[in-house]
Amino acid sequence: MRRPAPPRPAPGRTVPLLSVLAATALLLTACGTEHGGAGGTGAGAAGAPARTQIDDPGKDGVRVTSLTVPSPSPSPTRSYSVSADSLPGDSGIVAAYEVTNKDTETLTYTIVITFTSADGGAMGNQTVTVRAVGPGRTVRGTVRAGVLPPGTPRVTGAKVLEVTKVPSGEAPAAPGTCPASGIRVSADRGDAAMGLRVVGLHLDNCGTRDYSVDGYPVLELLDDDLQHVDGIKILDGGGITFGDADDEPAGPVTLKPGESALATLTWRNTTDFGTAVNVPHVRVRAKAGAPPVIVTPNLDLGTTGKLGVTAWRPAKD
């Protein structure tokens, strides 16, 4: 005797499940992520990056050789949700450069590269330091444009804007490193107001022993070719402004490991009769006999013929 087959489910019972699946698919389609480049700069690009050779004559042996720009994204589609990858981020734009040392000594280069739009306008600058390039050597590297503001026109080119080079043995120490002397000397970006220029010289004891100074840093003014500049009077104690730190007396300062001191360069960009003098570099010694460091504060001294310098004093936190 045959057993009866088990009953099959009624066809109508599968409809709700299919409806749910279809509705879910529609919701997922409607809630897709919107992708769009910020001003066509390449942020959130969908296609493969495009690499373009650059015909940059360069400066002082430094030139841009190519530019890589992400392909533009397709037009954004309607979206009901925004994810993190649609927020402004790195543009993905990269410039390749090469540095050729045509001098007879090892040099450290500080290079400013500007990224440009189709009409030649500057969309952003980036600074890169290339250390210890030997005579006759060519060193290659890349620099990223980074984050560009929303609405920035599409970047189509890059070029070398500025080059500073100094002997590697006198270049400021790389960030996070400590010279063999245990003393790090550097200059800040300074401040300018009402014709008065101020640049801070920083002396950091990054070594393991106490370090003492007494008085003023020893300065030598240098031109673009790192030759001595005559005709400028260096005024110990300042002498450019009145009633501020310029009047603090010189005295001994001992820095324990991890402590810092500060001196200040001051000058006025006044131009009267005569030829204005610009001094790009200053060779700084923390004290007589200390290792020299060349900083580049770009002193636009006008026709004043004067540069004030204060004594070392403990840096305030």
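Partly exposed means a relative accessible area between the buried limit, under 20%, and the exposed limit, over 50%. These legends describe a predicted model.

**View 1. N298, a residue other than glycine with a positive phi.** Most residues other than glycine have a negative phi. N298 has a phi near 55 degrees, a positive value. Find N298 in the loop between strand 18 (293-295) and strand 19 (299-302). Is N298 buried, partly exposed or exposed? Its relative accessibility is 45%, so N298 counts as partly exposed.

**View 2. L226, in the loop between strand 12 and strand 13.** L226 is not a glycine, yet its phi is positive, about 65 degrees. Strand 12 covers 218-222 and strand 13 covers 233-236. Is L226 buried or exposed? L226 counts as buried because its relative accessibility is 19%, and the cut-off for buried is under 20%.

**View 3. A salt bridge between E170 and R283.** Side chains of opposite charge can pair when their charged atoms come close. Here the side chains of E170 and R283 meet, at 2.6 Å from N to O. Which parts of the chain does the pair tie together? E170 lies in the loop between strand 7 (155-167) and strand 8 (183-187), and R283 lies in strand 17 (residues 281-285), so the pair ties together parts that are 113 residues apart in sequence. E170 counts as buried, at 15% relative accessibility. R283 counts as buried too, at 14%.

**View 4. A salt bridge between D300 and R197.** The side chains of D300 and R197 meet at 3.0 Å, N to O. This pair links distant parts of the chain. D300 is in strand 19, R197 is in strand 10 (residues 196-205), and the two are 103 residues apart. R197 is buried, with a relative accessible area of 18%.

**View 5. A salt bridge between K256 and D210.** The side chains of K256 and D210 meet at 3.8 Å, N to O. Where do the two residues sit? K256 is in the loop between strand 14 (252-255) and strand 15 (260-268). D210 is in the loop between strand 10 and strand 11 (211-214). The pair links distant parts of the chain, 46 residues apart. K256 counts as partly exposed, at 47% relative accessibility. D210 also counts as partly exposed, at 45%.

**View 6. A network of salt bridges.** R63, E98 and R140 are linked in this network. How many salt bridges does the model hold? The count comes to nine.

Notes. Residues are numbered from 1 along each chain as its sequence is written. This is a predicted model: local features need pLDDT of at least 70, side-chain atom pairs count only at pLDDT 80 or more; totals for chains, interfaces and linings use all residues. Side-chain values use heavy atoms; hydrogens and water are left out. Helices (H or I, at least four residues) and strands (E, at least two) are DSSP runs, numbered from the N terminus. Buried means under 20% relative accessible area, exposed over 50%, partly exposed in between (1.4 Å probe, protein chains only). A salt bridge is a side-chain nitrogen of Lys or Arg within 4 Å of a carboxyl oxygen of Asp or Glu.
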